[in-house]
Amino acid sequence: MKRHRSPIGSSALGAIEMAKSLLIISRQAPWSGPGAREALDIALAGGAFDLPLGVLFLDDGVFQLQAAQQPGQLQQKNLAANLQALPMFGVDELFVSSVSLAERGMDAGNLSLAAQPLDEAELSALVDRYDQVITL
Amino acid sequence: MKFAIAVFSPAHAPSSRRALLFAQAALAGGHEIVRLFFYQDGVHSASGNIVTPQDEQDVPAQWREFVTQHGLDAVVCIAAALRRGVLDEQEAQRYQRTAVNLPAPWELSGLGQLHEAAQVADRLVCFGGN
């Protein structure tokens, strides 16, 4: 039973009138493996289809927003340039946990990407607001 | 209810087996599974090359049997799979690799399939995220 898929796997997406919103919760540090990049790829793919998306950086995921990183020292690619693509893909609902930032000694005013800091109560309200949630 | 189920963990992780049990319970309860989508290390849960010790649950085989039995739409993310060496015949040929370890009924496709499933489903349920 072979199904026929369009090359980009998007056959039904064009026909959706009232798209469901999706919140992607990214919890991995950029140097901890492909997790952070793969979370970002979900956001970029969804942005390419004009879907209503948000991205929340939580726990070690906030390290993705640390400015002036030098991943080349670890023979790794720089995720920052890919993160900058989010607004270009129409993904501008970007949030960051202020508690996660504080726990790691990071300052919300000095991030590589403009993400709105939210406290714990606001995080609950945020998750409630989206139709679907992916955590990875 | 229509469920989309995303699996992010390999077959040896408890969450892959939990996802399978959830999927079985969903169908048994009269619900519909619009798509299974295996991403990140979840692509290993679809591998046909895993050899499980005899006294342990053969989760990849159970997944295959479940998907085949119910004719489910079961997608493995192609980018995540290539990165982790989970290849079907076509990709093994394309990249000149000796091993083919993604048997039917799994299909390789892109992240658009995850978004489409999330749009069609009433609930997207994820297993094995960090």
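Two strands are said to pair if DSSP finds at least two bridges between them, and the elements themselves, helices (H or I, at least four residues) and strands (E, at least two), are DSSP runs numbered from the N terminus. The model is predicted, so that local features need pLDDT of at least 70 and side-chain atom pairs count only at pLDDT 80 or more, whereas totals for chains, interfaces and linings use all residues. Residues are numbered from 1 along each chain as its sequence is written, while chains are lettered from A and ligands numbered from 1 in the order in which they are written.

In chain B, five strands make an open sheet with parallel pairing, in the order E4-E3-E2-E1-E5. The edges of this sheet are E4 and E5 of chain B, each of which pairs on one side only. Direction ignored, neighbouring strands are turned by 30 degrees against each other on average, where axes are lines fitted to C-alpha atoms, for helices over the stretch in contact, and angles run from 0 to 180 degrees between N-to-C directions. Strand E3 (residues 74-77) of chain B pairs with E4(B) in the parallel sense over three bridges, and B:Val75 stands opposite B:Glu107 in E4(B).

The secondary structure of chain B amounts to five helices and five strands, which follow one another along the sequence as β-α-β-α-β-α-α-β-α-β. Its radius of gyration is 14 Å, close to the 14 Å that the globule rule gives for 130 residues, so chain B is as compact as a globular protein of that length; the radius is taken over C-alpha atoms, and the rule is 2.2 Å times the number of residues to the power 0.38. Buried residues make up 48% of the 130 residues in chain B, a residue being buried if 20 or more other C-beta atoms, placed from the backbone, lie within 10 Å of its own.

Chain A also has an open sheet of five strands with parallel pairing, in the order E4-E3-E2-E1-E5. Its edge strands are E4 (116-118) and E5 (132-135) of chain A, and its neighbouring strands are turned by 25 degrees against each other on average, direction ignored. Helix H1 (residues 35-48) of chain A packs on this sheet, touching strand E1 (22-26), E2 and E5 of chain A, and its direction makes about 160 degrees with that of E1(A).

Leaving aside neighbours within four places in sequence, B:Val76 is in contact with residues including B:Phe38, B:Ala81, B:Trp106 and B:Glu107, contact meaning that the C-beta atoms, placed from the backbone, lie within 7 Å.

Where the chains meet, 25 residues of chain B are in contact with 27 residues of chain A. The elements giving two or more residues to this side of chain B are helix H3 (78-83), strand E4 (107-109), helix H5 (112-120) and strand E5 (123-127) of chain B, with H5(B) giving the most, eight residues.

Key. Contact = placed C-beta atoms within 7 Å. Buried ≥ 20, exposed ≤ 12 C-beta atoms within 10 Å, placed from the backbone.
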